[in-house]
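Student: I'd like to learn how to read a few side-chain features in a structure. Could we go through them together?
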Amino acid sequence: MQLLNTILIGITAGSIYSLMAIAFVLVWRSTRVINFAQAGMALLSTYFGYEAVTRIGSFWLALPIAMLGGAIIAALVEVTLMRSLVKHASTGPIAAVAPIIATLGLLGLLRAVIAMVWGGQNLVIFPPVSNAGFTVNGEVLVFSPLKLLILSTTLVLMALLSLLFQRTNLGLSLRASAYAPEISHLSGIRVDLIRTLGWALAGAAGAVAGIFQTVNGNGNFSPDSIEFALLLVSGFIAAVIGGLDSLLGAVIGGMFLGVVIAFVLIYINSGLFFIAPFIILLATLFIRPQGIIGVRAGRRA
Amino acid sequence: MLGFLLFLLGNRVDELRVYQGASIAVFVIAISSLILLTGYSGQVSLGHGALMAIGAYSAAIARNEFKIPVVLTFFIAVLFTAIAGALLGAAAARLSGPYLAGTTLALAIGLPSLANQFEPLGGEQGIPFDVGLPPARLGESFTQYKWFFWIAALAALICMWLLSNILSSRYGRNWRAGRSNEVAAQICGINMSRSKILAFTLSAGIAGLAGALLSMTIGTVSPSAFTLALSFSILTGAVLSGITTLVGTMIGAVILVILPEIADVVAHQIGSSERVTSNLPGFLLGALLIVTVLFVPNGPVEQHHARAAKRAAKKKS
Amino acid sequence: MKEINRQILVSVSAVLAVFGLVAQALPAQAAEVGVSSSEIKLGMTVPMTGAASLGYNKIPGAAKAYFDYLNENGGVYGRKIRLIVEDDKYVPTEAVAKTNKLILKDKVMALFAPLGTANNRAVASAVNPAKRGVPVLFLNTGFSGFADLKKYPTHYMVLPSYVMEAKVMGEYIKANFADKKIGLLYQDDDFGVDALAGFKTAGINFAVKVPYASGSQGAAAAAGWITKFKAAEADVVILFAVSSATSAMLGVAAQLKYAPQWMLGSVGGDAVTIKATGVPAGVLYNAIGFSPVPATTDMKDEYVKLFSDIYAKAVPGSAFDLNVLLGMNSAFMTAQALKAAGPNPTRKSLMAAIDSKGATFANAALVPAGYSKTSHVGLTGYWVGKFSPTGDLSPIGGTYVTYTTDSGAGAVVKSTYVRPAMPAKGLPN
């Protein structure tokens with residue numbers, strides 16, 4: 001029983017990490033940048049969702065609104081910050097580090113602004129469906145309608161996005177703009193728009209991750225919620241484990257991370273909560289430096 | 001001569017400033033270690049806080065368990081952290097860009113929490129690190145904080161001198177070559193992985209020194225002194241100083257230490273609510289970081305040099 | 001090479017020189033640091049932001065509410081009390097930096113209710129208030145080590161230590177759950193170690209002990225804890241944890257319909273804080289809780305009534321909870337200490353006042369305080385209560401039965417302490 005519960009706990013946490021990892025991968029694939037402010041944007045989207053739920057009263061409406069909000073914020077950031085970055089800082093030694101630093105700065109900025117506008121106290125978003133575990137053979141499982149919702153949403157989103165990337169012209173443009181911007185430009189692809197679109201999609205995915213992370217807990221969040229710090233780090237590690245280039249990798253990486261951490265916490269020692277991701281990451285990169293599904297050549301950016 | 005100057009300063013300035021001076025010196029060392037690794041060798045590290053922790057713990061344990069004299073504990077901090085850096089560098093040599101960033105990020109979060117797992121590391125409370133009182137012959141008014149300032153400032157000066165020598169040597173040139181173009185550097189005969197590992201080792205050792213000094217100023221070594229925020233602060237300071245050169249290191253360090261006060265002053269001018277005031281430092285730091293990266297990406301000193309060079313070139317033509 | 005060296009040395013000394021010029025010279029000494037003819041300055045470090053700030057960031061507002069009330073009624077010998085609050089985000093380096101600012105720049109007379117075990121220890125070793133003669137009044141931590149007079153001569157505890165709390169819990173368990181399986185959730189640092197020591201003295205054997213890494217208290221972790229408690233078939237589960245961990249645990253337990261007999265430690269056991277995180281009140285029903293001060297909903301208690309009135313006027317819209325009550329109580333005790341220090345208080349006379357009269361200061365607690373010339377131990381015990389269907393803690397059987405003990409091997413005894421009446425209008429007499 002404990003084994004089953006452990007796996008279930010791991011998969012649920014893992015799917016939320018996957019959503020975040022998807023956001024990282026989307027940004028990476030469209031603009032070759034790691035966006036550390038992803039968690040800050042997810043947090044902001046969660047606040048949007050909160051406002052929507054409080055004023056409209058429906059979670060099902062609030063979720064898409066939050067996604068839209070997340071997409072818009074992300075697009076804005078790309079247009080203003082990232083483009084300036086390319087203009088001012090794409091040559092010289094600072095080039096590799098500049099986006100990382102800029103997004104880190106943005107992360108701090110977002111957190112401070114959120115705290116200034118909404119205050120530092122805990123707010124609550126209640127889950128739309130019950131989070132009481134299913135009963136099987138008289139035993140209550142650590143799996144509930146809510147967790148089922150989270151899991152299925154993750155899979156659906158991944159499938160949709162993969163379809164977008166692999167089967168549509170838009171997806172082709174997205175991939176081309178990331179790998180060879182000059183050539184794509186020559187082919188008539190609006191590279192700028194495409195990059196912004198990539199960010200917007202990531203913003204939406206991040207918003208879903210943020211909201212789910214919140215309701216999967218006890219619905220609480222605040223500017224300093226530990227859940228969002230965890231989301232940032234685990235999402236990023238999951239993306240790296242999966243190999244930054246593949247959406248499928250992001251999902252696999254997220255699930256893998258979630259399940260392994262669950263096992264470590266329950267079977268070994270719950271004090272290892274913080275060191276476990278590091279060990280997992282190091283082990284994965286040692287065995288497969290390009291990540292589980294990564295492509296060797298594409299790693300060098 | 002410089003020492004005499006500092007001594008004079010130390011007497012004229014009140015204790016709070018002296019303590020801040022010690023913090024600045026510590027940050028100067030930490031920032032320079034990151035400039036070495038990221039600015040010169042091109043390897044991004046988000047986890048220097050963890051390396052500082054290693055230095056601090058080794059120094060404290062050396063002092064507490066083995067009763068090693070204080071000066072030697074700092075050397076031990078450098079040694080142990082350098083070894084850790086070598087290991088990390090070896091593991092990281094195959095990684096680049098975001099993969100390296102991710103690994104160091106995970107390290108920054110995971111390593112300090114190890115303290116809770118092993119008894120002698122003292123857990124969340126930490127272990128004490130006491131460098132002792134200033135020697136009696138320096139007189140009654142020579143406070144503990146002045147002593148900290150002296151030790152830290154001295155360490156910073158020595159460190160910077162050594163580092164600038166190393167950076168202008170063959171090794172520094174190798175790193176810069178590797179940073180611009182790894183393949184070309186290899187063709188020129190530079191062993192990339194050895195070069196990278198060397199950078200990591202050196203950078204770690206210096207970071208370890210900074211960590212030990214930081215713990216000296218707090219008096220304890222505990223995981224909560226080495227948060228992810230610390231790693232980010234060092235990176236911020238490095239960027240504000242100009243990540244590619246050592247010369248501006250003071251600037252970044254000073255800004256980091258003084259920012260809360262500046263934020264305080266600004267907040268009082270605006271006369272704003274509690275909510276805004278307590279979050280203002282975070283806001284300012286984030287904004288400052290973005291502005292710096294956008295407009296002064298190589299740091300204010302480089303900017304100044306570049307402009308001077310442009311002017312000189314114009315004059316010639 | 002030499003060029004760069006010189007550049008660096010010049011820039012380093014230049015900035016240091018500017019630093020020195022800009023900084024202030026030492027001002028002339030006042031009668032006593034932090035005391036002027038019109039006001040007394042006190043300083044406080046507390047997590048106002050950050051993951052650990054849940055609930056605790058109300059304490060400064062509560063203390064200020066009482067001090068403002070006091071100031072409106074004449075202050076102490078005509079001096080107003082001004083509390084300067086700094087946010088340390090629960091990080092020891094920040095606590096040290098902010099305490100330095102309070103002592104060296106703001107020149108406060110004493111430190112008031114600084115929060116956090118690790119923070120206080122860092123401040124004690126780095127800033128060394130003891131050496132500077134700065135009193136540290138009514139620390140907001142229950143770590144028993146702070147009562148050590150040799151190490152912390154100017155520190156005064158107020159909260160009962162975690163060892164005391166564990167011992168009282170242990171006695172209650174032995175009396176009521178003698179042959180049941182007991183489970184314990186504790187934090188894996190000195191907070192938890194103190195608790196374990198207390199339980200050991202009380203002779204409690206646990207069927208399962210679950211440590212959690214301080215800072216990791218989220219819902220995902222909680223699900224893992226519950227799996228372990230279930231596996232061990234614990235009948236009674238003690239939550240000796242901070243508010244965030246306790247809330248996470250109870251929240252997830254509600255979802256999983258896991259309902260053992262809960263026992264909440266006072267650190268994380270404030271019902272208002274827990275309910276604010278969305279935990280349904282019904283989960284707390286019949287859980288056992290402990291507190292040294294009267295229940296926060298007990299309006300028949302004169303202290304609770306007065307303090308909640310003052311707080312409601314000062315901070316409208318904010319719920320009156322245990323953090324607020326304890327904050328105001330410490331402020332009240334500080335006011336009495338300042339009054340007892342005489343019309344020309346000094347740091348030394350302030351501490352002497354607490355040493356000699358502290359045990360008789362009026363305060364809301366239902367257990368005695370242990371101040372004397374040889375002891376800086378604060379409150380020494382608890383009453384046992386149960387949570388109502390609406391999630392409010394009230395004494396079992398309706399009347400407060402208190403138990404006192406020490407942080408050592410002393411027995412837990414039923415207390416005969418009768419709390420003296422509150423001085424008129426809640427002002428020091």
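Student: Happy to start with accessibility: is Tyr267(A) buried, partly exposed or exposed?

Tutor: The general idea is to compare relative accessibility with two cut-offs: under 20% is buried and over 50% is exposed. This is a predicted model, and here Tyr267(A) has 41% relative accessibility, so it counts as partly exposed. The residue sits in helix 10 of chain A.

Student: Now for the rings. How many aromatic pairs are there over all chains?

Tutor: Searching the whole structure gives 25. To classify a pair, look at the angle between planes: under 30 degrees is stacked, over 60 is edge-to-face, and the rest are tilted. Tyr212(C) and Trp225(C) are a tilted case, with 45° between the planes and 5.4 Å centre to centre. This pair links distant parts of the chain, 13 residues apart: Tyr212(C) belongs to strand 7 (residues 208–212) of chain C and Trp225(C) to helix 8 (residues 219–231) of chain C.

Student: Are Tyr212(C) and Trp225(C) buried or exposed?

Tutor: Both Tyr212(C) and Trp225(C) are buried.

Student: Which residues do ring pairs link into a cluster?

Tutor: In chain C, the cluster consists of Tyr66(C), Phe67(C), Tyr69(C), Phe112(C), Tyr303(C), Phe307(C) and Phe332(C).

Student: And which residue lies over the face of Tyr77(C)?

Tutor: That is Lys339(C), at 5.6 Å from the ring centre.

Definitions and conventions. Residues are numbered from 1 along each chain as its sequence is written. Chains are lettered from A and ligands numbered from 1 in the order in which they are written. This is a predicted model: local features need pLDDT of at least 70, side-chain atom pairs count only at pLDDT 80 or more; totals for chains, interfaces and linings use all residues. Side-chain values use heavy atoms; hydrogens and water are left out. Rings of Phe, Tyr and Trp (its six-membered ring) pair if their centres lie within 6.5 Å; planes under 30 degrees apart count as stacked, over 60 as edge-to-face and the rest as tilted. Helices (H or I, at least four residues) and strands (E, at least two) are DSSP runs, numbered from the N terminus. Buried means under 20% relative accessible area, exposed over 50%, partly exposed in between (1.4 Å probe, protein chains only). A charge sits over a ring if NZ of Lys or CZ of Arg is within 6 Å of the ring centre and within 35 degrees of the ring normal.
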